[in-house]
Structures are given as C-alpha cells and as structure tokens.
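Hello,

Here is the structure I said I would pass on. My notes on its aromatic rings follow below it.

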Amino acid sequence: VQLQASGGGLVEIGGSLRISCVFSGDTFTSYAIAWFRRAPGKEREFVAAASWSGATTYYDDSVKGRFTISRDNAKNTVYLQMNNLKPDDTAVYYCAADFSLRTSTDDYAYWGQGTQVTVSS
C-alpha cells in the first residue's frame, strides 16, 4: 500500500485549503483512511477519519465544524477540506490507512509522506 499526500501550502488566517491523498497498491474500499498532523515540537495527533464508504466519519474536537473528510472511491482519493484555518492548524498533515476505522496513530499500518500546511498570522 502506498499513500501520496499533496495540496499543502501557505494560507492566511480564516482561509481554506483542500489537501488530497491518493491510495494505491490494494483495494481502496477495504481500508479506512485517516488524517493526522504533527505541529512543530508536538506529537502526531488525530485529525479526522472516514470509513471505507465514507458514511462514517470521526473528527477531533479541535477541527469539528471546520474540517471535512471525504473520499472518492472511483479515484482512490481522500480529501480533507479545511475551512476557517487558524495558526494552530499549522502542521505537517499525514494520511494513513488501515482496515478498521480508528483514531490512534498506533492503529494505522500505512502512512503517506506528509504535506505541509502553514497558516500565517
């Protein structure tokens, strides 16, 4: 399984950004997909996750109502739409895949390389 994250960049406070993660190497619909992030000097933390169909989603409280995870199973791609961005959202964002829908980093076996999101003040 390979995961390729992209779409990060520099955005102003209150702005929006959509990052993507392309999955390959196995049957995409067998996997739940999650987004995690690591801010400078901090541990990697859970952001959002979606079940294989996208019908079930989980969000960390810090992003609930601002971020939306979605997946296009025809394109083997997962998206994270981020709105009303704040400086605390600055981090490297990683996508991860595994068979079960979970929220812990320890539960995901496959990881992408990360994409940098910087929210400027």
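**Aromatic rings**

Seven aromatic pairs turn up when the whole structure is searched. Please keep in mind that this is a predicted model.

Take the rings of Y31 and Y110: their centres are 6.1 Å apart and their planes stand at 75°, so this pair counts as edge-to-face. The two residues are 79 residues apart and join distant parts of the chain. Y31 lies in the loop between strand 3 (17–24) and strand 4 (32–38), while Y110 belongs to strand 10 (residues 110–111). Y31 is buried because its relative accessibility is 1%, and the cut-off for buried is under 20%. Y110, with a relative accessible area of 29%, is partly exposed.

Another pair, F36 with W111, is tilted, with 5.0 Å from centre to centre and 50° between the planes. This pair, too, links distant parts of the chain: F36 is in strand 4 and W111 in strand 10, 75 residues apart. F36 has 0% relative accessibility and so counts as buried, whereas W111 is partly exposed at 27%.

Which residues do ring pairs link into a cluster? They are F23, F28, Y31, F99 and Y110.

Regards

Key:
Residues numbered from 1 in each chain as written. Predicted model: local features only at pLDDT ≥ 70, side-chain atom pairs only at ≥ 80, totals over all residues. Heavy atoms only, no water. Phe/Tyr/Trp six-rings, centres within 6.5 Å; stacked < 30°, edge-to-face > 60°. Helix = DSSP H or I, 4+ residues; strand = E, 2+ residues; numbered from the N terminus. Buried < 20%, exposed > 50% of the residue type's maximum accessible area, 1.4 Å probe, protein only.
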